[in-house]
Amino acid sequence: MGRGKIEIKRIENTTNRQVTYSKRRTGIVKKARELTVLCDAEVSLIMFSSTGKLSEFISPSITTKKIYDQYQQISGINLWNSHYEKMQESLKKQKETNMRLRKEIRQRIGESLDDDMSFDELRSLEQDLDESVKLVRDRKYHMIATQTETYRKKLRNLQETHTHLVREFETRGEDPYYESDYESLLGMSSVGAHIVSYRVQPSQHNIQNGEGYGSHNLRLA
């Protein structure tokens with residue numbers, strides 16, 4: 001028995017509609033490819049699903065632009081005029097917007113305050129500038145407050161570190177506040193094992209002159 005005839009009407013079930021579209025789209029593309037190979041035809045196929053998804057096929061022997069140009073030449077319909085006009089209109093609006101913004105920028109820096117500006121426009125500009133100054137000032141104060149808090153945190157951390165070190169010295173029975181001579185400082189350091197010391201040597205010239213140790217030379221031993 002043959003298949004029953006399917007009534008051609010919109011499929012209400014969304015899932016069934018998408019499945020049917022996918023299957024028939026594959027079949028149409030297959031037929032277009034067969035026409036291209038069997039009949040040496042130049043085929044262009046464009047489809048949009050109900051969700052706006054694009055599917056297309058074009059014969060390998062031609063480009064989309066060429067087939068559109070050929071269609072325009074044969075049908076006498078210019079496909080680009082309306083698109084070109086829309087682009088020109090969009091470009092015109094963009095230029096007008098650009099000129100207006102440039103004028104506003106010049107006015108905000110005190111330029112282009114021509115006589116054609118009314119009192120209300122000048123007052124509106126003044127209010128906008130006051131609001132801008134307020135925003136800049138608020139941002140500046142916010143940055144100052146943030147930096148101040150950061151420095152306070154660093155200071156607290158240094159104070160805590162200092163307190164911790166003092167407690168460690170006290171636990172060891174050492175005095176963290178002491179004054180030491182040069183040899184002691186060198187002994188505590190880990191720079192090297194050699195200790196440099198200074199000693200006083202009497203001057204031979206002074207001994208011979210009978211001056212004893214009244215005058216000394218400081219020499220590095």
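Let's start at Leu79, which sits in the loop between α2 (64-75) and α3 (81-108); helices here are DSSP runs of H or I with at least four residues, strands are E runs of at least two, and both are numbered from the N terminus. The model is a predicted one, in which local features need pLDDT of at least 70 and side-chain atom pairs count only at pLDDT 80 or more, while totals for chains, interfaces and linings use all residues. Residues are numbered from 1 along each chain as its sequence is written, and side-chain values use heavy atoms, with hydrogens and water left out.

Leu79 counts as partly exposed because its relative accessibility is 33%, where buried means under 20% relative accessible area, exposed over 50%, and partly exposed in between (1.4 Å probe, protein chains only). Together with Tyr71, Ile77 and Trp80, Leu79 makes a nonpolar surface patch of about 390 Å². Patches are made of residues with over 30% relative accessible area and no salt bridge; like charges are joined within 9 Å, and nonpolar side chains (Val, Leu, Ile, Met, Phe, Trp, Tyr) within 5 Å.

Now step back to the whole chain. Its secondary structure comes to 6 helices and 4 strands, and from the N terminus on the order is α-β-β-α-α-α-α-β-α-β. Of the 221 residues, 9% count as buried. The accessible surface comes to about 19,800 Å², with 54% of this belonging to carbon and sulfur atoms; such areas come from the Shrake-Rupley method with a 1.4 Å probe, and for residues only the protein chains shown count as cover. Among contacts (heavy atoms within 4.5 Å) between residues at least 6 apart in sequence, 18% join residues at least 24 apart.

Follow the chain into helix α1 (residues 14-39). At its start, a side-chain oxygen of Asn13 reaches to within 3.0 Å of the backbone nitrogen of Thr15. The end C-alpha atoms of α1 are 37 Å apart, which agrees with the 38 Å that its 26 residues should span at 1.5 Å a residue; the expected span is 1.5 Å times one less than the number of residues. Arg17, Val29, Ala32 and Thr36 are buried in α1, and the buried residues of this helix pack against β1 and β2. After α1 comes Asp40, whose phi is positive, near 55°.

Two serines are worth a stop around the strands. Ser49 lies in the loop between β1 (44-48) and β2, and counts as buried because its relative accessible area is 10%. The side chains of Ser49 and Thr51 are joined by a polar contact of 2.9 Å. A polar contact is a pair of N or O atoms within 3.5 Å; within protein, one must be able to donate a hydrogen and the other to accept it, and residues adjacent in sequence count only if both atoms are side-chain atoms. Ser59 is found in the loop between β2 (54-58) and α2, and is buried because its relative accessibility is 1%. Which residues does Ser59 contact, leaving aside its neighbours within four places in sequence? They are Thr36, Ala41, Glu42 and Val43. The side chain of Ser59 reaches the backbone oxygen of Ala41 at 3.3 Å.

Within α2, Lys65 and Asp69 lie 4 residues apart, about one turn of the helix, and their side chains meet in a salt bridge (2.9 Å, N to O). Lys65 is exposed at 54% relative accessibility, whereas Asp69 is partly exposed at 28%.

Side chains of opposite charge can pair when their charged atoms come close. A search of the whole structure finds 6 salt bridges, each a side-chain nitrogen of Lys or Arg within 4 Å of a carboxyl oxygen of Asp or Glu. One of them joins Glu12 and Arg10 (3.1 Å, N to O); Glu12 is exposed at 60% relative accessible area, and Arg10 is exposed at 52%. Another salt bridge brings together Arg156 and Glu149 (3.6 Å, N to O), with Arg156 partly exposed at 39% and Glu149 partly exposed at 33%.

Finally, look at helix α4 (residues 119-171). Its 53 residues reach 78 Å from the first C-alpha to the last, close to the 78 Å expected at 1.5 Å a residue. Gly173 follows α4, with a positive phi near 80°.
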